[in-house]
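Here is a short briefing on one protein model. Look at the structure first, then read the notes by topic.

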Amino acid sequence: MAFVSLFAALLFTGSFHKIVTTTTTIATTTTTTTTTTTTTTTTPAPTTASPEFVNLPDVLEVSESTRPRKVILEFQIRSARADPDVQILSITPDQPVLEDPIVNPTNGSDVFNVQIVLNGSLDYETVSLLTVRVGIAITPSGFVERTFSLSITDANEPPQCEAQFQLGAVVQVPEDSPAPVRLYTVLAKDPDENDTITFSIYEVQPVSSSSQFHINDQGSITSNQTFNYQRGPRQFSLSVVVRDRQGSNCTGSLLIKVLKVHSEPLGLLLSSQNVTIWENEGSEAIVATVTADRNVTDVLYTFVKPYPPFKIGRGDGVIRTSYNLDLESDRTLRKNVLLVRAFSMSEDRRGTATVTVHVQDVNEHAPLCEPPVIVLTVPETTEVGGSLGRVRCFDVDVSNHNVTLTLVQNSLSLFKFRLKDGQLQVNNSLDYDVADGTNFQYEATILAIDSGTPPLTSEVRVLVTVTPVNEFDPVFQAPLVIDVPEDRRRGSVIGSLRATDRDWPFNAIRYSILEGEGEFSLDPIGGQLYLGVDLDFEVQRQYELRVKAVDFDQDVDKTKQRTGIAEITVMVQNVNDNAPVCDPVSYESTIFSTLASNTAILTLTCTDRDRDPLTATITSGAAVDRFEMRVLTLFSRNVFSFIPDGVYDDTYYEITVSVSDGKYSTSVVAYIDVVPWTTTKPTTTTTTTTRKPEVVTVINEFWDPVPWFVAALTVTGALVLLLLSLPLWIKLFRGTVCRTEEVTEQLIKESDEKGEQNGPNKQDSRQSSDQASLDGTLSLSKVSIQDDIMRFDGKAQDPVSGRSYLFNSATGERRWLE
């Protein structure tokens with residue numbers, strides 16, 4: 001055993017390279033340290049500056065039987081101090097088994113003897129190895145430390161017998177006890193771990209009865225014969241020894257006294273009783289009373305054999321409960337037959353009574369149900385009649401086995417459930433999609449009632465949570481055709497798509513575009529359809545796009561989603577957003593004065609991309625209502641008059657015609673040259689076409705921000721530009737006016753010179769033809785216009801002076817008209 005302990009110590013420390021065996025001699029209290037090969041005698045070393053341990057062993061073996069206050073280790077230290085301080089710093093595990101080290105000087109000036117004294121008892125079964133840290137103080141908080149292992153070896157400890165048995169136990173046994181008679185049980189134990197003990201009777205008095213008594217391995221002493229108070233010994237003495245495997249022992253004795261039984265029976269008032277009591281009356285509850293003959297004194301009462309649930313008063317015969325009787329804990333208590341013996345010591349008389357005790361059950365326990373609470377999570381598609389689980393209830397009371405289950409409906413259950421043969425079933429549809437948003441959790445109560453009196457009940461709460469199942473696809477609602485005016489701005493809402501889903505939460509849908517995303521965009525939440533391109537009825541009148549609606553949060557599994565797809569048609573509605581286009585923008589026609597009023601002079605060639613009906617209106621140049629427009633055709637209202645001495649109409653007319661589609665208009669100029677004719681026969685119109693002018697169409701894209709930003713930016717920009725360009729604008733305006741006046745004076749001068757060259761007659765004729773223009777102001781002469789008309793293809797107005805002029809779009813040449 002010592003070798004095994006030493007080997008364990010070596011494995012535990014793991015810090016030394018040789019095996020050290022320490023032997024403690026009790027008589028001399030000296031410690032000799034040996035190695036496996038040599039014995040070392042330590043001599044003092046020269047004094048060193050730092051203290052050191054000289055011969056402290058790494059492992060110390062101590063028997064657990066070592067007495068306290070004994071020196072178990074002695075070693076030496078070197079220290080320059082006269083009173084070195086040696087302390088035990090720690091013991092692992094924490095066991096206060098060692099006293100503070102004792103330090104004694106030696107013959108050497110720096111060598112001291114140190115003794116370690118055992119402070120308390122050692123117990124191998126509690127701990128077999130201790131690690132001790134020893135330190136020599138060099139500063140108040142610094143130490144030179146060493147560690148050694150204290151190996152506790154096992155020592156045999158004698159068995160421990162019960163104190164009463166060691167002092168001498170006494171038992172009494174009636175002589176009529178049937179064999180084998182159980183007399184006594186010796187109580188003993190061995191402190192050593194894994195040790196066993198044996199029991200033996202080594203002496204019996206009288207010796208002749210040695211074979212009558214036996215003791216088994218559990219210490220139970222029995223007699224294999226009956227006792228006879230009259231003929232046999234009335235008292236026996238047994239000596240018992242308890243030994244362990246090592247031979248250590250404890251002893252005790254047992255005195256057996258035989259009681260006399262066979263004598264005149266002692267009379268009892270009631271030799272047989274039937275008593276009924278209720279369970280759970282507590283301890284010390286009176287059950288019955290056994291009473292002997294009242295003429296007999298000093299009567300004692302006892303049970304013939306032990307009845308643990310009951311006890312009897314030795315002097316009064318009152319039977320009481322020993323503890324609280326609970327039939328649910330011990331069902332054998334329902335009926336108990338008690339044999340009570342009454343005996344008189346003075347008269348040596350005995351009597352036996354029978355008391356039958358019936359313990360009645362009390363309905364004290366409510367039914368127990370499994371499970372006590374039903375918490376379920378079921379899908380909304382659970383069918384009516386589907387099982388949600390089974391409830392099992394029972395009653396632990398002995399006599400109340402029947403339990404009735406009843407489902408109690410309430411406002412929280414909405415009659416959604418029913419109970420059939422202990423099985424909870426669905427009674428009505430749990431459809432999640434017809435709920436009002438608050439009835440996704442249902443509560444009910446199952447009432448369990450036992451058959452006791454009064455009946456006791458238990459409640460089983462039923463909590464059912466219905467989870468959604470995504471059953472239906474989203475369906476797009478009409479209209480699926482959206483009419484959009486072509487002038488709708490890009491980015492504006494042109495319609496709202498709406499898809500419905502019968503799954504709750506209703507219409508939890510996200511929208512997206514599958515085809516046509518570049519031309520339109522879709523709000524994923526609200527379904528608003530936004531315009532992404534500029535519409536033009538004349539270019540494309542219809543758009544087709546495919547949209548998708550995906551539901552969400554409609555199933556307990558969020559990944560389960562359903563989709564609806566629809567074809568949306570966007571119809572572009574025509575809007576009058578294009579001005580009429582006339583080609584050419586100016587016309588010339590020479591007619592005879594005899595032209596009939598219902599004969600067309602010329603017809604304008606005008607078109608409108610919006611295909612709106614066009615109307616033409618003369619805005620200037622038709623003096624005295626000379627001309628009229630019928631649709632796009634110019635007519636003369638009446639016959640011209642060229643009577644020299646009478647009415648003499650103009651021979652040249654410049655007519656401005658406004659062609660309108662109802663919203664936008666375009667101006668066209670018609671130049672009519674009237675040739676006087678004396679014949680009364682109506683003449684036909686000779687129409688001449690001018691060179692086709694070049695029309696340049698410029699399409700400008702414009703920025704269309706929000707109105708308030710445009711207003712703010714415009715006002716700010718206008719003020720800044722006005723301040724910066726005011727001086728330059730004034731200078732340019734003055735230069736342009738001066739130049740315009742010079743050109744006008746030059747034109748007038750040239751006109752006057754030509755008039756002088758043509759003679760007075762021709763000048764008079766021109767004066768009559770140039771009396772007034774269509775707009776009521778002076779203009780160039782007819783001859784000048786006719787000479788130059790072929791060189792110009794357009795007419796415009798100067799933005800500075802407001803004067804009208806003709807221009808050639810190819811050469812840039814201009815001619816003032818006023």
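**Second largest pocket**

Strand 12 contributes the most residues to the lining of the second largest pocket, namely four. This is a predicted model: local features need pLDDT of at least 70, side-chain atom pairs count only at pLDDT 80 or more, and totals for chains, interfaces and linings use all residues. Residues are numbered from 1 along each chain as its sequence is written, and side-chain values use heavy atoms, without hydrogens and water.

- The volume of the second largest pocket is about 680 Å³.
- Its lining has 21 residues, and Q172, P174, S177, F303 and V304 are the closest to the centre.
- Two or more lining residues come from each of strand 12 (169-174), strand 13 (181-185), strand 22 (299-303) and strand 25 (335-344).
- Twelve lining residues are nonpolar, three polar and six charged.

**Strand pairing**

- Strand 28 (residues 373-379) runs parallel to strand 35 (residues 457-467), joined by seven bridges.
- P379 sits opposite T467 of strand 35.
- Strand 34 (residues 441-450) pairs with strand 35 in the antiparallel sense, over nine bridges.
- Q441 has T465 in strand 35 as its bridge partner.
- Six residues lie between strand 34 and strand 35 in their hairpin.

**Surface patch**

- L722, L726, W729 and I730 make a nonpolar surface patch of about 400 Å².
- L722 belongs to helix 3 (residues 707-769).

**Terms**

- A pocket is an open set of points on a 1 Å grid over the protein atoms alone, where a 1.4 Å probe fits, with protein on both sides within 12 Å along at least five of seven lines; lining residues have an atom within 4 Å of a point.
- A volume is the space filled by probe spheres set on the points, which are joined across faces, edges and corners.
- Helices (H or I, at least four residues) and strands (E, at least two) are DSSP runs, numbered from the N terminus.
- Strands pair if DSSP finds at least two bridges between them.
- Ala, Val, Leu, Ile, Met, Phe, Trp, Tyr, Cys and Pro count as nonpolar, Asp, Glu, Lys and Arg as charged, and the others, Gly among them, as polar.
- Patch residues have over 30% relative accessible area and no salt bridge, with nonpolar side chains (Val, Leu, Ile, Met, Phe, Trp, Tyr) joined within 5 Å.
- Accessible areas come from the Shrake-Rupley method with a 1.4 Å probe.
- A salt bridge is a side-chain nitrogen of Lys or Arg within 4 Å of a carboxyl oxygen of Asp or Glu.

Methods
Patches are made of residues with over 30% relative accessible area and no salt bridge: like charges are joined within 9 Å, nonpolar side chains (Val, Leu, Ile, Met, Phe, Trp, Tyr) within 5 Å.
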